[in-house]
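Thanks for coming. I will go through the aromatic pairs and then the sheet.

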Amino acid sequence: MAYDLRFYRTRARMNGETFGRIIGVVRSTVSRLESGELRIDEKQAGALDKHFATGGHFLRLLTYAKLGHDPDWFKEHVSYESRAFLLKIYELSLIPGLLQTPEYARACFTAAGVEDVEGYVTARIARQETLTRSSRPLMTAVLSQSVIDWPVGGPEVMRAQLAHLLAVARDPNMIVRVLPRTAGATIGLDGSFKILSVDEGDVAYTEAHGGGRLILAPSEVRQFGVRWDGISAQALPEDASRSLIENAMEVLK
């Protein structure tokens, strides 16, 4: 896809600015699309097919690209995460990676059976620098109640993790809320995901065993936005969420 974008642009003797006007992006974004750092969506593919009269070439490429698993999806998701100005995270079973303590992360990777546990822990903690960079993002994390009362790593590790959550929740840029079991059946039971807002727009990322999936198509990202709104509406307010976390810490004594 990246190769064909550059091929069609150079064959038409267009510069990045002119090409960008066809798909509604700036010149720097065209460069990132041609390097494979970013990916076009259906609307942009359709605009290219119409302009170059390809008979649907770019839409077909995009369709086949989505059918295959991309092992770099997580890496690309981290790239979006590092420059997002707004993060909306929903977790069904684990503390979000951006909020994990080293001990909690170590317990997770050990249970997963990875070979280089310490290397994975170091990489995960390094990702948390995105929360303290100069242009700090706003973040809202909604956690299933199961996340806070499942003693990952044992009582001591989990108590320290919950204490860290409470500390994070005191930061004005960070909101931590809990989706209680009393919510009953909820769309949140479908699985974890996050929505990342960057300058180019919103993208979504959903996790799965053996790898996740990065969603760039605006129509599909909007569906995750609807899911987020439904989950957020059923989550406890911040004060009640803090109380639930504190109660979970007491149980672990």
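Which residue lies over the face of Y8? That is R11, at 4.9 Å from the ring centre; a charge counts as over a ring if NZ of Lys or CZ of Arg is within 6 Å of the ring centre and within 35 degrees of the ring normal.

Some ground rules. The model is predicted, so local features need pLDDT of at least 70 and side-chain atom pairs pLDDT 80 or more, while totals for chains, interfaces and linings use all residues. Residues are numbered from 1 along each chain as its sequence is written, and side-chain values use heavy atoms, without hydrogens or water.

Rings of Phe, Tyr and Trp (its six-membered ring) pair if their centres lie within 6.5 Å; planes under 30 degrees apart are stacked, over 60 edge-to-face, the rest tilted. The count is 8 aromatic pairs. F7 and Y8 form an edge-to-face one, 5.7 Å centre to centre with 85° between the planes. Y8 is buried at 13% relative accessibility, and F7 is partly exposed at 35%; buried means under 20% relative accessible area, exposed over 50%, partly exposed in between (1.4 Å probe, protein chains only). Ring pairs link Y3, F7, Y8, F19, F52 and F58 into a cluster.

Now the sheet. Its 6 strands run in the order β3-β2-β1-β4-β5-β6, open, with mixed pairing. Strands are DSSP runs of E, at least two residues, numbered from the N terminus, and two strands pair if DSSP finds at least two bridges between them. β3 (174-179) and β6 (213-215) are at the edges with a single partner strand each, so one side of each has no neighbour in the sheet. β1 and β4 pair antiparallel over 5 bridges.

Definitions and conventions:
Helix = DSSP H or I, 4+ residues; strand = E, 2+ residues; numbered from the N terminus.
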